[in-house]
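I am starting a page on this structure. My notes follow the order in which I looked things up.

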Amino acid sequence: MQDKKIYELSALLVHELTEKKLKIASAESLTGGMISELITSVSGSSAVFECGICSYSNRIKHEVLGVSEKTLEEYTEYSFKTAEEMAEGVRRISGADIAVSTTGIAGPGGFSEEKPVGLVYVGISAENYNKSYEFHFSEGAENEREMIRKKAAAAALDIAFEYIKNIKK
């Protein structure tokens, strides 16, 4: 994804949140704070952005965000279940109306046949709503780590935007 487009998406998200008087938070593993950076790069984001937690380790996923040890053992940190629990946890901690999360494998290492490089999960949590999405962003190119991370961040922003856009206020 082109940098210009991802920043435009960030601006659209902040505008929609502002219009509907909603707040957002993020829990990031794979994207390492990129979602937080993208949202806060938009003027006026302080009115809608509660917090971003960079939870790269399983210890932080569990102790801070409340991802269950059972989830981490049974599904691993690279799973739909972990993404959902991360989003739910940061929403609970922050008091935000909506939260997004990212987890996955950007590579080049850390993968397996079942969980390849480019496997990404994006979670979203709102009141009475908790869902995750699975993506495969690897194109087999050298040095694609940054591209996978950007695509994951863009997917999280897009999922949040689409969800918020459909809220009637």
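Predicted model: local features only at pLDDT ≥ 70, side-chain atom pairs only at ≥ 80, totals over all residues.

I find five strands in an open sheet, ordered β2-β1-β3-β4-β5, with mixed pairing. I note that β2 (49-54) and β5 (129-136) are the edge strands; each has a single partner strand, so one side of each has no neighbour in the sheet. From one strand to the next, I read an average twist of 15°. As background, I remind myself that strands of a sheet pair through backbone hydrogen bonds, in a parallel or an antiparallel way.

I then took β3 (residues 98-104) and β4 (residues 119-126), which pair in the antiparallel sense over seven bridges. Which residue is the bridge partner of T102 in β4? I find V122 there.

**Helix on the sheet.** I checked helix α6 (residues 145-165) next, and it packs on the sheet. I list its contacts as β1 (24-28), β3, β4 and β5. The direction of α6 makes about 25° with that of β4.

**Salt bridges.** I count eight salt bridges in the structure. The general point I keep in mind is that side chains of opposite charge can pair when their charged atoms come close.

- I find K20 in a salt bridge with E16, with 3.1 Å between the closest N and O atoms. Buried or exposed? I read K20 as buried at 13% relative accessible area, and E16 as buried at 15%.
- I find E50 in a salt bridge with K23, where the closest N and O atoms are 3.4 Å apart. I place E50 in strand β2 and K23 in the loop between α1 (3-19) and β1, so this pair ties together parts that are 27 residues apart in sequence. I have E50 as partly exposed at 36% relative accessibility, and K23 as partly exposed at 31%.
- I find K81 and E85 joined by a salt bridge, at 3.6 Å from N to O. Both sit in helix α5 (residues 80-94), four residues apart, which means about one helical turn separates them. I note K81 as partly exposed at 28% relative accessibility, whereas E85 is buried at 12%.

**A serine.** I looked up S36, which lies in helix α2 (residues 34-40). Its relative accessible area is 14%, and I count S36 as buried because the cut-off is under 20%. Which residues does S36 touch, leaving out those up to four places away in sequence? I list S26, E28, F49 and G52.

**Whole protein.** I finished with the overall figures. I count six helices and five strands, and along the sequence I read the pattern α-β-α-β-α-α-α-β-β-β-α. The radius of gyration is 15 Å, close to the 15 Å that the globule rule gives for 169 residues, so I note the protein as being as compact as a globular protein of that length. Along the principal axes, I have the C-alpha atoms filling a box of roughly 45 × 35 × 25 Å. I find that 49% of the 169 residues are buried. Of the contacts between residues at least 6 apart in sequence, I read that 65% join residues at least 24 apart. For the accessible surface I note about 8400 Å², with 49% of it belonging to carbon and sulfur atoms.

Notes:
Residues numbered from 1 in each chain as written. Heavy atoms only, no water. Pairing = 2+ DSSP bridges. Helix = DSSP H or I, 4+ residues; strand = E, 2+ residues; numbered from the N terminus. Axes fitted to C-alpha atoms, helices over the stretch in contact; angles between N-to-C directions. Contact = heavy atoms within 4.5 Å. Salt bridge = Lys/Arg side-chain N within 4 Å of Asp/Glu carboxyl O. Buried < 20%, exposed > 50% of the residue type's maximum accessible area, 1.4 Å probe, protein only. Rg over C-alpha atoms; globule rule 2.2 N^0.38 Å. Areas by Shrake-Rupley, 256 points an atom, 1.4 Å probe, with all protein chains shown as cover.
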